[in-house]
Amino acid sequence: MTLSLIVGPPNSGRTGRVIDGFLAAIPRDPVLVVPTLDDTERFETELTGRIGAVIGATVCTYDRLFSLVAQATEAPSAPLLSPIQRTRVAREAVARAGDLKLLAASSRRAGFASALDELVADLQAARVDPATLASRAGEAGPYELEVARLYEAYCEVRDELGRADAHTLAAAAIATLAERPDAWGARPVFLYGFDDLTVEQLDLLRALMGAAEVTVALPWEDREVLASARGALFAELREVQGASVEHLEADPAFTESRSLFEVERRFGEPLEGRGDPVEPDGGIELLASAGELAEAEAVGGAIARLLDDGEPAGEIAVVLRQPDALGPLYRRVFARFGIPAAVQADLDVTRTLTGAGLIALLEAAVGAQRAEDVLAYLRTPGLDSQGRVDWFERRIRRGRLGGADEAIDDWNSGETRRELAEIQRLREATGPDLLREAARQARWIAEGAQRGAGAVAAEDRSLELRAGAEIERALLELADLGLDVDPARLAATVRDLAVPLWRGPTEGRVRVISPYRARARRVRHLFLCSLQDGDFPRRDSGGPLLSDDARSALALRPRVKAEAEDRYLFALALSRPKRRLWLSWRLADDEGGAAARSPFVDEVRELLDPPLPEELEERDDALTAEAGGRGIAESVFAPDSAPSEDELARALAARVGTPGAASAGPTGEEGTEPGVRERVAARLGAAAGVTTPERVQPGPLGLPAVLEQIASKDLFGPSTLEEFATCPYRWFVQHELNPQRIGPESDALTSGQVAHRVLEALYRARPGDSARPTPSTLDAWRARARELVEEIGTRDLPRERSATAAPLRRTEGLVLAFVDDEAATDVAFEPEPELFEASFGLDRSDKGPFAISQTAGIHGQIDRIDLGPSGEALVQDYKSSSKVEGGKNMLDRGKFQLQLYLLAVRELWSRELAGGVYRPLGGTGNRQPKGLLRKELIDDLGPLDPRPRDHLSDEDFEQALEAARDRAGEIATEIQAGDIGRRPINGKCPDYCGFQPICRRERGLPEEEPGIEEDGDE
Ligand code: SF4
């Protein structure tokens, strides 16, 4: 029998030679071995295209080759361990390995069992058995001895369970083939796409050489970049006795771009061997972006344009050094752009709704058993109304529910709901039954994603089903293993699982793949992405458990260092595109910090002529624009480059307000394909009821039913009008959308509201028989104040607040400070009990509203009205904040509640006005009131006297009141017309406004805020 080696650099025609040889051998049932299942699919398609149905011949991966040999030679084997069973066996081995010392701390960490499993597989593939390792470890040291003990324990557990694994099967296949080579039937074997083989793969190959003709095609030539990482395999195979070697040369005819061909040939060569610089001919494009999302979008945009130009999706590939990390992002972006893609990466199940839901369920049932776990489970789509869950979350956030049991009782509220009955079922199950019950739950949750219409994006539904199936299979496999089950770590077991983002044929799709998957296949366009220093090439983090020194001490094959490995993969990737290579990297991260690109990019750029200029950023941007992407500072595509309808809509929305935007709007006259632009234009117009893109701004209100309802409002509270004056959109959100705070109310707000109620009760009680505190009655007022704080605070503070002493003491502090201030002020005004909390225009009021316009009136409740010697009224309004407004210009700052109250007292109670003041309850040091006083009636309020500028002449006083009435009338008219919009007062959003995520107004740095005024008005 023979070994034929076909060696040559990439693009030297090795594929053609292998396929020709394979086809010639068809009558003898040949076997073609390729690296991945994708490759088997591709070769089968190609062979079928050339000769019709392929009968007898086999295209398979190396694992399958081991199975074929084992079957043919009737190699003995037990049932194989699956990957999760191997990890479980590794965990059991750690538990049984006894008193580890050097590895004791590491062995308690999550991921240790997986690392051990990886090392064991590595040792098995190197055909180093436990006894051999133990003997070598004895000379190496105690650390290596502990590793050897773990390996031995792994094998013992596996054998006790009566199981085999892929490597024991491989060993059996090699042994029986060596004994009975005729059993293979002399089927010729072809290997294509491999640049390295493990010891056991090599041993099988050697055994096959004794049984059949073997042909191996290797990417090799005498170049440093290829030989340093993969030279060992060729060196080993050419020494095989009787091996023939056929050398092929690189052929430029396989590549459409001469510059691409030349760059690939020269990459990694020493300077003196490179020859003349390469003249760019469009075979290499550069894409520089800012941030991971922007990079994925730039790549997606370029691919969308290629597809528009008629390039088949199957002729485009995106290569990521670590697809598991960035693959999900590319999948999301490509789905948005309508690009058919197959992202060949694994996703942690924790990042699927099914995985997250099951983990939360397991934690709630048999894990940490926190209320948050119950909440997280109930957030699983398709389980229950999310509105109901919001209120449930509110109760948890406000500290009203502690552990899982309390949360379950609260949720059930007397009835056993289906979703939480599952927790009980899990708690009742033990051992393998617990695993089976959890597996059943995984499927049920995954199917829930289909039941909850709209809860899961369409492109994610199959992923969720796949996640459910993967978890179910893994848990059932664990149940079959028969080892002990620890309920407390069941959630951790599920956390370690991953789900493939794509499963199925990849033909007709843009593939997002690792450089390893890219090796055996060429495409017309290849995007090499995330070319960052530290990512491609990676930083070397060593191998699992064993350092390079330890490997050397144990006589194991040395690892290829990350830099050499990645240089080799990059060089190979350069050879994969036939027409164009796109090199993409990030100049900045998502926070705007500088990001370093891969040195490989610079090596490629240095090969090109003209040499790249120093001002790299300008050049990058120019090239980015040339490549049809978007500038690095742009957050959306240019309309002419938008890859989808949604992106075009974004592009147009971003141009609103830009000079010339309307003329460059969605007319379909030039640039992008008219149909897309017209559809977007129609969508924008239909949503707005107008035909220009300006309508994407929020407000004014447009729906007739809403307008009719809002026009019918005719009574307004002063604080409502002030809210509108501060910002109409803020008013709309606060009063009409009415979002509910999910966490606890702020301490300051709740304490202020309770202080209001305490003060009302205190003044009605008249401690010491005085209408207001005086030095002689102060003790009685303070004593009664304390009692009322206890009584009202315990009753009225929210449960989570009243359970702690702090809010009560804070309220008490506010009230006592206020009482002290009052006692220190000797004034002729006394509170009128009849006018405590004097209300007007409310259902419970004796007084009606007072008019501010022909269609609007004011209602409200005044905290307190004091009367002077002649019955003149002094309005006092408590504020929870520490700062208040006063003076005749307070209207300019949107404050007019006090003026409206003064008008109400005059018009409804027929009182002459002395003035009005805001009393800041929240001030700790300075509690000076502010307001409007008629200086002819009040010239001094002692320590409580407002600032001099708050004392107004009668004329200014009247003007201030009438101006407030007019402004209130205007605002009422704007509300009734639905004229809302993002119009913060004086053009500046108050920094306490938290509605920016709703209104989406860009905010600069917060302005100095004169004070937040909150009161307890209803
Ligand atoms: S953030 Fe500014 S524009 Fe938006 S609602 Fe608040 S105040 Fe108005």
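A salt bridge here is a side-chain nitrogen of Lys or Arg within 4 Å of a carboxyl oxygen of Asp or Glu. By that criterion, a search of the whole structure finds 85 salt bridges.

Before I go through some of them, two notes on the source. This is a predicted model, in which local features need pLDDT of at least 70, side-chain atom pairs count only at pLDDT 80 or more, and totals for chains, interfaces and linings use all residues. Residues are numbered from 1 along each chain as its sequence is written, and side-chain values use heavy atoms, with hydrogens and water left out.

Now the individual pairs. Side chains of opposite charge can pair when their charged atoms come close. Asp 566 forms a salt bridge with Arg 538, with 3.1 Å between the closest N and O atoms. Asp 566 lies in helix α25 (residues 562-574) and Arg 538 in the loop between β13 (523-528) and α24 (548-553), so the pair ties together parts that are 28 residues apart in sequence. For those labels, helices (H or I, at least four residues) and strands (E, at least two) are DSSP runs, numbered from the N terminus.

Are these two residues buried or exposed? I use buried for under 20% relative accessible area, exposed for over 50%, and partly exposed for in between, with a 1.4 Å probe and protein chains only. Asp 566 is buried, at 0% relative accessibility, while Arg 538 is partly exposed, at 27%.

The next pair is Arg 919 and Glu 822, a salt bridge whose closest N and O atoms are 3.0 Å apart. This pair links distant parts of the chain, since Arg 919 is in strand β23 (residues 913-920) and Glu 822 in helix α36 (residues 805-823), 97 residues apart. Arg 919 counts as buried at 3% relative accessibility, and Glu 822 counts as buried at 0%.

Elsewhere, salt bridges that share partners join Arg 86, Asp 117, Arg 158, Asp 159 and Asp 165 into one network.

Back to β23, the strand that holds Arg 919. Eight of the eight residues of β23 are buried, so the strand is largely enclosed by the rest of the structure. Two strands pair if DSSP finds at least two bridges between them. β22 and β23 run parallel and are joined by seven bridges, and Lys 879 has Pro 920 of β23 as its bridge partner.

Asp 877 is in strand β22 (residues 873-879). Asp 877 is buried, with a relative accessible area of 0%. Its side chain makes a polar contact with the side chain of Lys 879, at 3.4 Å. A polar contact is a pair of N or O atoms within 3.5 Å; within protein, one must be able to donate a hydrogen and the other to accept it, and residues adjacent in sequence count only if both atoms are side-chain atoms.

There is also an open sheet of three strands, in the order β15-β19-β18, with mixed pairing. β15 (715-716) and β18 (850-851) stand at the edges with a single partner strand each, so one side of each is left without a neighbour in the sheet. β18 pairs with β19 (residues 857-858) in the antiparallel sense over two bridges, and Ala 851 stands opposite Gly 857 in β19.

Helix α37 (residues 897-909) has 13 residues and should span 18 Å at 1.5 Å a residue; its end C-alpha atoms are 17 Å apart, which agrees. The expected span is 1.5 Å times one less than the number of residues. 11 of the 13 residues of α37 are buried, so this helix is largely enclosed by the rest of the structure. The buried residues include Tyr 901 and Trp 909. Just after α37, Ser 910 takes a positive phi of about 55°.

Helix α14 (residues 323-336) has 14 residues and reaches 19 Å from its first C-alpha to its last, close to the 20 Å expected. Among its buried residues are Pro 323, Arg 331 and Phe 334. α14 is followed by Gly 338, whose phi is positive, near 70°.
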